Amino acid sequence: MRKLSTRRRHPMALLALLALALLLTGAAYATVAPETATAESASSVSEVEAGRQLFVVGCASCHGLNAQGITTAGDEDEAGNYGPSLIGVGAAAVGFQMETGRMPMAQTAPQAPRKHVEYTQDEINQIAAYVASLAPGPARPSDEELNWQSVDKEGISEGGEFFRTNCTACHNSVGAGGALPSGRYAPTLKGVDAIHIYEAMLTGPQQMPVFSDEVLTPEDKRNIIAYVKTVQQQGNDGGLGGGGLGPVADGLFIWLIGIGGLVGFSVWIGMHGTRSKKR
């Protein structure tokens, strides 16, 4: 027993115990440590860097070298910006603005119109990856969130209620669009891809409010898209639809064309009718 006790207190015992502890710690770390960089992660880093290069060349003149935005000179109340900050807007905002040709803007205007797309899809994806890397922001919707064809009649009806409550004041009850103050307008939704309708609700471009997932769930957004697409695909059994611009436009059309035509015809009859002479 005395011999065992002496060996237990040997100076090398502490070093051996320390070595064993380090060995066990290393083994445990190797088990739970994250994997080394893969080709996929390296590709992601490369895409972000490529997006930054494109951003510096095509976007930094308005949005700043670091996407922080550029403020115009002037008083505090009058100062505006050439381009707003893009930090935190997410890939969804980039996808909407660039895939519809709204960005880059051809010239300064109250609103960026839809036009020809200037960048390829790969370049847009790269810029979106760079902007998304700056700060957390809305990601692009998944295929499942955009699958409006799978929505049943009840979902379409619910989407119509959401649309009439939140969207018709600007976009018209059938998504035909409409005028807004200060030279702005709500664009038509006819022919707009489902992903861009979704991203517009998610990011709130121009003067449009933001409908986050806390306000309208992804299912609600999909139902709204289903309603808009269903209305656009419906025929017009009543004859001339007048573009679905609403009762004011329909009334103006009836007044100018309908009643105007009747008045003109009445005048023509009066001028070419039989005249009697007094004797």
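**Notes on the charged residues**

1. The count here comes to 3 salt bridges, taking a salt bridge as a side-chain nitrogen of Lys or Arg within 4 Å of a carboxyl oxygen of Asp or Glu. Keep in mind that this is a predicted model, where local features need pLDDT of at least 70, side-chain atom pairs count only at pLDDT 80 or more, and totals for chains, interfaces and linings use all residues. Residues are numbered from 1 along each chain as its sequence is written, and side-chain values use heavy atoms, with hydrogens and water left out.

2. Start with Arg 140, whose side chain meets that of Glu 99 in a salt bridge (2.7 Å, N to O). Arg 140 lies in the loop between helix H6 (121-134) and H7, and Glu 99 in helix H5 (residues 90-99), so the pair ties together parts 41 residues apart in sequence. Helices (H or I, at least four residues) and strands (E, at least two) are DSSP runs, numbered from the N terminus.

3. Arg 140 also forms a salt bridge with Glu 199, with the closest N and O atoms 2.6 Å apart. Glu 199 sits in helix H10 (residues 194-203), so this pair ties together parts that are 59 residues apart in sequence.

4. Buried means under 20% relative accessible area, exposed over 50%, partly exposed in between (1.4 Å probe, protein chains only).

5. Over in helix H11 (residues 218-233) you'll find Lys 221, whose side chain meets Asp 213 in a salt bridge (3.0 Å, N to O). Lys 221 is buried, with a relative accessible area of 0%, whereas Asp 213 is partly exposed at 34%. Not counting residues up to four places away in sequence, Lys 221 touches several residues, including Tyr 198, Met 201 and Phe 211; contact means heavy atoms within 4.5 Å.

6. Lys 229 is worth a look too, and it is also found in helix H11. Lys 229 is buried yet has no salt bridge, and the nearest side chain of opposite charge, Asp 193, is 5.6 Å away. Leaving out residues up to four places away in sequence, Lys 229 touches Trp 148, Val 192, Asp 193, Ala 194 and Ile 197.

7. For the whole picture, the protein chain has 12 helices and 4 strands. Buried residues make up 27% of its 279 residues.

Methods
Lys and Arg count as positive and Asp and Glu as negative; His and the chain ends are not counted.
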